[in-house]
Amino acid sequence: MNKNAALQITDIQIWPLHKAESRIKAMVSITLNDSLKLSSLKIVEGRNGLFLAYPGEKKTGTDHYFNFIFPTRREVGDEIQREVLERYHQAQVSQAA
């Protein structure tokens, strides 16, 4: 596989959750290069605002979470999060109109 091949988000699907007391605001699925679909991502309200959380599980008996999938390069993760949150905000604005 070409290490320099561009990674493109070719589809974003967002399912808002309407539970005011929940920190999870939406479930997300993204498709990369029309070839790989990543599901069970979450938009979460954190201490510093919204962020994109990747699927994982909590290790039994601890407070540690282990992600099943995650970006290995920060700039890729930042770009994915930026695009997903931008789409989420657009959906919120159009829903309010």
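Is Asn33 buried, partly exposed or exposed? Asn33 is partly exposed, at a relative accessible area of 32%. (Buried means under 20% relative accessible area, exposed over 50%, and partly exposed in between, with a 1.4 Å probe and protein chains only.)

This is a predicted model: local features need pLDDT of at least 70, side-chain atom pairs count only at pLDDT 80 or more, and totals for chains, interfaces and linings use all residues. Residues are numbered from 1 along each chain as its sequence is written, and side-chain values use heavy atoms, with hydrogens and water left out.

**View 1. Asn33 and Ser40, two residues with positive phi**. Asn33 is not a glycine, yet its phi is positive, about 50°. Asn33 sits in the loop between strand 2 (24-32) and strand 3 (36-46). (Helices, H or I of at least four residues, and strands, E of at least two, are DSSP runs numbered from the N terminus.) Ser40 also has a positive phi, near 70°, and is likewise a residue other than glycine. The place of Ser40 is in strand 3. Ser40 counts as partly exposed, with 42% relative accessibility.

**View 2. Helix 1 and what covers it**. Helix 1 runs over residues 74-96 and has 23 residues. At 1.5 Å a residue it should span 33 Å, and its end C-alpha atoms are 33 Å apart, so the two values agree. (The expected span is 1.5 Å times one less than the number of residues.) Val76, Gly77, Ile80, Val84, Leu85 and Tyr88 are buried in this helix. Their cover includes strand 1 (9-16), strand 2, strand 3 and strand 4 (49-53).

**View 3. The largest nonpolar core**. This core has 17 residues. (A nonpolar core is a set of buried Ala, Val, Leu, Ile, Met, Phe, Trp, Tyr and Cys residues joined through side-chain atoms within 4.5 Å.) Ile12, Val28, Ile30, Ile43, Leu52, Ile80 and Val84 touch the most other members. Strand 1, strand 2, strand 3 and helix 1 each supply at least two residues of this core. Helix 1 gives the most, with five residues. Leaving aside neighbours within four places in sequence, Val28 is in contact with residues including Ile12, Ile14, Leu41, Ile43, Leu52 and Val84. (Contact means heavy atoms within 4.5 Å.)

**View 4. Lys25, a buried lysine without a salt bridge**. Lys25 lies in strand 2. The nearest side chain of opposite charge belongs to Glu45, 5.4 Å away. (Lys and Arg count as positive and Asp and Glu as negative; His and the chain ends are not counted. A salt bridge is a side-chain nitrogen of Lys or Arg within 4 Å of a carboxyl oxygen of Asp or Glu.) Beyond neighbours within four places in sequence, Lys25 is in contact with Pro16, Leu17, Ala20, Ile43, Glu45, Leu50 and Tyr88.

**View 5. Ser29, a buried serine**. Ser29 lies in strand 2. Its relative accessible area is 3%. Setting aside neighbours within four places in sequence, Ser29 is in contact with Asp11, Ile12, Gln13, Trp15, Lys37, Leu38 and Ser39.

**View 6. Salt bridges**. The structure holds five of them. Lys58 pairs with Asp63, the closest N and O atoms being 3.6 Å apart. Lys58 is partly exposed, at 40% relative accessibility, whereas Asp63 is exposed, with a relative accessible area of 66%. The side chains of Arg73 and Glu75 meet at 2.8 Å, N to O. Arg73 is partly exposed, with a relative accessible area of 47%. Arg74 and Asp78 form another salt bridge, at 3.6 Å, N to O. These two are four residues apart in helix 1, so about one helical turn separates Asp78 and Arg74. Asp78 is partly exposed, at 42% relative accessibility, and Arg74 is exposed, at 68%. Salt bridges that share partners also join Glu79, Arg82 and Glu86 into one network.

**View 7. Phe51 beside Gln81**. Phe51 is found in strand 4. At 32% relative accessibility, Phe51 counts as partly exposed. Phe51 and Gln81 are 30 residues apart along the chain, and their C-alpha atoms are separated by 6.9 Å. Not counting residues up to four places away in sequence, Phe51 touches Arg23, Lys42, Ile43, Val44, Gly46, Gln81 and Leu85.
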